[in-house]
Amino acid sequence: MSLDKETVARIARLARLKVPEEELAPLAGELSGIFAWIEQLNEVDTNNVEPMSSVSDVTLPMRADKVTDGGIAARVLANAPGGAVYIDPADKNAGGFFSVPKVVE
Amino acid sequence: MAALTDLTIAQLTSALAKKEASAVEVADAHLAKLDEHRTLNAFITETPDKAREMARASDARLAKGEAGLLEGVPLAIKDLFCTEGVQTTAASKILEGFVPQYESTVTANLWRSGAVMVGKTNLDEFAMGSSNMTSHFGGVENPWKRRGDNRKLVPGGSSGGSAAAVAAYMVPGSTGTDTGGSIRQPAAFCGIVGLKPTYGRCSRWGVVAFASSLDQPGPFARTVEDTALLLRVMSGHDPKDSTSAPLPVPDFTAAARNPDIRGMKVGIPKEYRVDGTSEEIVTLWSKGMEMLKAAGAEPVEVSLPHTKYALPAYYIVAPAECSSNLARYDGVRFGLRVPGKDLTELYENTRGAGFGKETRRRILIGTYVLSAGYYDAYYKKAQQIRALIARDFKQAFETCDVLLTPTAPTAAFAAGDKMDDPVTMYLNDMFTIPASMAGLPGISVPVSLDKDGLPLGLQLIGRSFDEETLLRAAAALEKAAAFGGRAAGY
């Protein structure tokens, strides 16, 4: 399996990861090397083998669908890049917003 | 009495109970070691004020006779555990300055038992690496050096800072996390004990996620008994982690104090005899088996036929889960933000600037294997191989109680080595990854020094949720090996 520059650019775009043009070719080489090494998995016959998504035998537990916390807007917003915008700066737990660039014209 | 920093956790709790030292004195002695060995770069954030405050509270509880199991014991915490009010970075630029507003369950359990935090340790970025060289905050230096050779060696990874801090006697114990070997391999490189519990034994809540089906917190210490004590406190069911096992926590310390392994069947997996393993480690492995045999165990040859496929399958499963987990770092709610002309460009700029090289590589691998048209060929195939690996272990444990293997194929290597080709670095984890894929507990025990004077460890692997048998075998190996090695100058 060999990946070309265009494929790397495409998956970088899917991953929302800016990769400078000059790094695309070396990355394509590295990733191709890794995938060539991964190819050995094709030696294994996995017909009729159930895929294992979790090692845990435990069935996911159910819980009551009710609110268990709240009123912590200030803590939720504490790490907002560039600071959060609060509805009422005197009462930060009253709520507020993360800020992002304009997305609706 | 020996220096406070030379004491094990068991000795420290006993000295504190007998009022031979105060928790504040114990904290100060260890904080002085952090000062002395700061050049190792084992810590990203030191928390001396918090340590003294917690130690004062410990002294108050000790005075009232209300001491917890780890009362006054200084610990270092891998900077992957969220700690309320204390910066948590995952060694990534993208999380630099992030101050969690909540405490991880595992660390909360430790503090509830009276442990004292001295700081947050360095690691590979987002726990992705086997050398600690991928940290945004620089690599960690292993306290050990080759005899007559001054080159800096890596402490292993990803929990390299936690292992180096214990090996340098800055703390008697620390926490790590293990996804593919990130506790066991650094423990072996640094000559200490490191235990990866069964998946589900310790809560992952509040631990920065890398690969959720594999990640598992666990302890480092200098003795098997101390490791068991830390595990006992760290473990337990947590409703906030749906994969955390609703099982009672056994008295692991009692198991570690009972090195009686007469009649125990120790499996030697023949597929672990692979090219690229140093001759000394092969010899050490046989020596380890001889030690266990002399202690009354019975060796059994077992076969784990899919061993060689564990590593390449891991490099599909782990990056796939990493690419999903790391999608949350988008520059909107926390962490780094690099502006862009629109929201998409803000995401791309933030993630491009915030993630290091190895993290970017794994996100790309993960995105590719999960992308339309490739899912079955890669991700599903890897999950099927994972099922076969788990089946191999299950069958092996029908004829034995624990497995004995090397922990890593070599001793600690020099900083900068194995950096040219990612696959060369990945091969470091070939002995630890199979147990990770099967969710089984594993422990690395230091056994001897190699010809250059570097520590070498052996790994024991146990049945699911049978850490007690694992700890008994580890205690027997520790007793027979009588390692006692200490890095010169520490």
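Which side chains meet in a salt bridge of 2.8 Å, N to O? They are the side chains of A:R13 and B:E348. A:R13 belongs to helix α1 of chain A and B:E348 to helix α11 (residues 343-354) of chain B, so this pair joins two chains. A salt bridge here is a side-chain nitrogen of Lys or Arg within 4 Å of a carboxyl oxygen of Asp or Glu. Helices (H or I, at least four residues) and strands (E, at least two) are DSSP runs, numbered from the N terminus.

This is a predicted model, in which local features need pLDDT of at least 70 and side-chain atom pairs count only at pLDDT 80 or more, while totals for chains, interfaces and linings use all residues. Residues are numbered from 1 along each chain as its sequence is written, chains are lettered from A and ligands numbered from 1 in the order in which they are written, and side-chain values use heavy atoms, leaving out hydrogens and water.

**Where the chains meet**

- In chain A, 48 residues are in contact (heavy atoms within 4.5 Å) with 61 residues of chain B.
- The size of an interface is often given as the accessible area lost when the parts come together.
- About 5000 Å² is buried between chain A and chain B, and carbon and sulfur atoms give 69% of that area. Buried area is the accessible area (1.4 Å probe) that two parts lose on being put together, summed over both.

**Charged and polar links**

- Side chains of opposite charge can pair when their charged atoms come close.
- Over all chains there are 33 salt bridges, and the count between chain A and chain B is five.
- A:E30 forms a salt bridge with B:R361, with the closest N and O atoms 2.5 Å apart.
- Across the interface of chain A and chain B, 16 residue pairs are in polar contact, both residues at pLDDT 80 or more. A polar contact is a pair of N or O atoms within 3.5 Å; within protein, one must be able to donate a hydrogen and the other to accept it, and residues adjacent in sequence count only if both atoms are side-chain atoms.

**The parallel strands of chain B**

- Strand β7 (residues 265-269) and strand β8 (residues 298-302) of chain B pair in the parallel sense over five bridges; two strands pair if DSSP finds at least two bridges between them.
- Within this pairing, B:I268 stands opposite B:E301 in β8(B).

**A look at B:S212**

- You can find B:S212 in the loop between β5 (193-196) and β6 (216-221) of chain B.
- B:S212 touches B:Y199, B:R204, B:E321 and B:N325, not counting residues up to four places away in sequence.
- The side chains of B:S212 and B:N325 are joined by a polar contact of 3.0 Å.
- From C-alpha to C-alpha, B:S212 and B:K196 are 15 Å apart in space, and they are 16 residues apart in sequence.

**Backbone details**

- B:G157 and B:S158 are joined by a cis peptide bond, with omega about 10°.
- B:S158 sits in the loop between β3 (116-121) and α5 (160-167) of chain B.
- A:R16 is in the loop between α1 and α2 of chain A, and its phi is near 50°, a positive value in a residue other than glycine.
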